[in-house]
Amino acid sequence: MKFDPATEKSPLPFSPFKSCTVPRPIGWLSSVSPDGVENLAPYSQWQNLTFDPPMVMFSANQYPDGRRKDTVLNAEQTGWFVWNMATWDLREAVNISAMALPPHESEFDRCGVTKGYAELAPIPLVAESPVHFECRYLSTHRMTGDSNVGTIDIVFAKVERIHIDDNVLTPDGRLDIPRIKPIARMGYFDYTVVTDTFEMQIPNADPAEAYGLAGQPT
């Protein structure tokens with residue numbers, strides 16, 4: 001099977017595109033508007049960019065009517081947002097936070113999670129999440145799609161503070177990923193959860209490169 005997505009309709013009953021790039025980390029992002037309206041929403045197009053210094057990005061599709069997502073506007077207008085690690089225990093809250101709620105209703109209240117606050121800016125965060133990044137907004141790159149909903153804002157930010165619950169660290173100082181059980185986005189309505197890991201080291205890798213991949217300082 002082959003097809004050109006720019007000119008042909010998918011020959012499958014469901015588009016396979018999002019199901020090919022998997023699993024995708026979830027950017028469970030909390031933010032606040034200049035007027036104090038707090039927001040919490042998941043984005044499946046989220047990724048690290050580099051580690052020296054740590055920078056991240058997420059992209060947000062517009063609404064069908066052309067409105068931009070609140071998280072993007074809040075980041076641009078206040079200069080900050082927080083990434084909350086999405087886990088198996090928090091999966092229902094993550095899903096509920098994806099709902100389009102009226103402006104006066106808080107996703108935090110609807111999700112039933114405890115609200116805390118970042119330290120560098122008055123941005124809300126999910127207290128139950130084991131890891132948080134306080135992210136300082138850098139820039140937005142807009143890319144026009146073939147429709148309103150296909151148009152995206154790509155937001156870039158620098159991680160200025162990292163919070164990790166000591167209870168999810170192993171004795172040798174690593175994140176205990178099988179214990180945390182992060183969840184990730186697949187295609188369709190599917191998700192996956194990390195419960196098993198394995199290690200591979202690049203043969204004959206330069207020490208500096210190996211340390212960088214492992215997250216150790218050179």
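These legends accompany several close-up views of a predicted model.

View 1. From V22 to P23 the bond is cis, and its omega is near -10 degrees. P23 belongs to the segment before β1 (24–25). Look for P53 in the loop between β4 (46–51) and β5 (54–61).

View 2. Most residues other than glycine have a negative phi. K181, however, has a positive phi near 60 degrees. This lysine sits in the loop between α4 (177–180) and β11 (183–185) and is partly exposed, at 31% relative accessible area. N204 is not a glycine either, yet its phi is positive, at about 60 degrees. Its loop lies between β12 (191–193) and α5 (207–214). With a relative accessibility of 82%, N204 counts as exposed.

**View 3. F14 and Y188, an edge-to-face pair.** The structure holds five aromatic pairs, and here is one of them. The ring centres of F14 and Y188 are 5.9 Å apart; their planes stand at 75 degrees, over the 60 degrees that edge-to-face requires, so the pair is edge-to-face. Because F14 comes from the segment before β1 and Y188 from the loop between β11 and β12, the pair ties together parts 174 residues apart in sequence. F14 is exposed, with 57% relative accessibility, while Y188 is partly exposed at 44%.

**View 4. W83 and F133, a tilted pair.** These two rings lie 4.5 Å centre to centre, with 45 degrees between their planes. W83 is part of strand β6 (residues 80–84) and F133 of strand β9 (residues 131–143), so this pair links distant parts of the chain, 50 residues apart. Are the two residues buried or exposed? W83 has a relative accessibility of 8%, so it counts as buried. F133 is buried too, at 14%.

**View 5. An aromatic cluster of Y43, F58 and F81.** Ring pairs join these three residues, Y43, F58 and F81, into a cluster.

**View 6. Lysines over aromatic faces.** Which lysine lies over the face of Y63? That is K69, at 5.1 Å from the ring centre. K115 is placed over the face of F108, where the distance to the ring centre is 5.8 Å.

Note on methods. Residues are numbered from 1 along each chain as its sequence is written. This is a predicted model: local features need pLDDT of at least 70, side-chain atom pairs count only at pLDDT 80 or more; totals for chains, interfaces and linings use all residues. Side-chain values use heavy atoms; hydrogens and water are left out. Helices (H or I, at least four residues) and strands (E, at least two) are DSSP runs, numbered from the N terminus. Buried means under 20% relative accessible area, exposed over 50%, partly exposed in between (1.4 Å probe, protein chains only). Rings of Phe, Tyr and Trp (its six-membered ring) pair if their centres lie within 6.5 Å; planes under 30 degrees apart count as stacked, over 60 as edge-to-face and the rest as tilted. A charge sits over a ring if NZ of Lys or CZ of Arg is within 6 Å of the ring centre and within 35 degrees of the ring normal.
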